[in-house]
Amino acid sequence: MSDRNPGMKLDLEWISKVRVNTQAVLKRAQHIQGQKIPKKQWQAAWLLKAVTCIDLTTLAGDDTPSNVHRLCLKAIQPVRYDLLKKMDMHNKGVTTAAVCVYPSRVADAFNSLKAANSSLPVASAGQTPLETRLQEVRMAVAGGAAEIDVVINRTLALTGQWEAMYDEIRQFRETCGDAHMKTILAIGELGTFTNVYKASLLAMMAGSDFIKTSTGKETVNATYPVAIVMVRAIRDYYLFTGHKVGFKPAGGIRTAQEALVWLTLIKEELGNDWLCPVLFRLGASSLLADIERQIYHHVTSQYPAYHELPMA
Ligand SMILES: O=C[C@H](O)COP(=O)(O)O
């Protein structure tokens, strides 16, 4: 990962001045969605890039050590070996960026990866009251998580209690220690674009390494207009502080086509520096299946039967 964002003193004046032009954001998002996406081998290359940016996720109440183990194996070998070989990519170390599980499953994931001699990071995401969340973070760090996804208290953002929100995120950052922190804004519950921008800015001021759209459990998750607002905040924060903060859209991202639009959006809005797992992740539980399917089609000119691409 890159140098960490140390954060900065809470700048309430900056936050209070924020105004987002909704129409301009919607227009920009529409423009990006209308962009031509790469075809043929360029598309395959972009899809492999997307694979390397995936936080392969399972956040289900009934997760078990064995489905987490399968998820880890899939993260280590996300695309079938023969398909990679046909593209001459079999020895390039193509893996997903991380696996992402609930805190209670971190140790399982960590042990599975260790047993497979993999140094892939385990990310952990929780969604409970502050004290429990802090406890979950401690547990996840102790279990070997290198990355922690924490969710903000939406009420604080909705009611403009920015100082309290800043203090809360700082506490998370301290509790994360060396583990990198991705702060989830749960944008589907923040109301306006202006609030999304403010919450993004504040999360970065409080020292987040990444800002992330959603837990994947809200009704509205990763959308392109909201992403525009968040990445503009990332850009402004970078221009002001010199620190690059990562971006992670998550929730409801299912198709290779969507992955290509996400890559386009990042390239256009933040530039190539952000097009790598250090600064960009796709949080997704089922996206990889469609990407592997499209890669299969690229290599063989046919679509696979379900059993030909076993998914974790
Ligand atoms: O952080 C990742 C999300 O929980 C994944 O959401 P998804 O299951 O809709 O892909």
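Predicted model: local features only at pLDDT ≥ 70, side-chain atom pairs only at ≥ 80, totals over all residues.

Student: Why are H2 and H11 called roughly perpendicular?

Tutor: Helix H2 (residues 22–33) and helix H11 (residues 224–241) pack at an angle of about 110°, with their axes 8 Å apart. Angles of 65 to 115 degrees count as roughly perpendicular, so H2 and H11 get that label.

Student: Which residues of H2 and H11 meet?

Tutor: On the H2 side, Val25, Leu26, Arg28, Ala29, Ile32 and Gln33; on the H11 side, Tyr224, Pro225, Ile228 and Val229. By class, that contact has 8 nonpolar, 1 polar and 1 charged residues.

Student: What makes S2 and S3 a pair?

Tutor: The cut-off is at least two bridges. Strand S2 (residues 98–101) and S3 are joined by 3 bridges and run parallel, so they pair by that cut-off. Val101, for instance, has Ser124 in S3 as its bridge partner.

Student: And what joins S1 to S8?

Tutor: Again 3 bridges, with strand S1 (residues 54–57) running parallel to S8. Asp55 has Gly283 in S8 as its bridge partner.

Student: Why are S7 and S8 called edge strands?

Tutor: The open sheet has 8 strands in the order S7-S6-S5-S4-S3-S2-S1-S8, paired in parallel. S7 (246–248) and S8 (282–284) each have a single partner strand, so one side of each lacks a neighbour in the sheet.

Student: How do you know that both faces of S3 are covered?

Tutor: Val122 and Ser124 on one side, and Ala123 and Ala125 on the other, are all buried.

Definitions and conventions: Residues numbered from 1 in each chain as written. Axes fitted to C-alpha atoms, helices over the stretch in contact; angles between N-to-C directions. Helix = DSSP H or I, 4+ residues; strand = E, 2+ residues; numbered from the N terminus. Parallel < 35°, antiparallel > 145°, perpendicular 65-115°, else oblique. Contact = placed C-beta atoms within 7 Å. Nonpolar A, V, L, I, M, F, W, Y, C, P; charged D, E, K, R; others polar. Buried ≥ 20, exposed ≤ 12 C-beta atoms within 10 Å, placed from the backbone.
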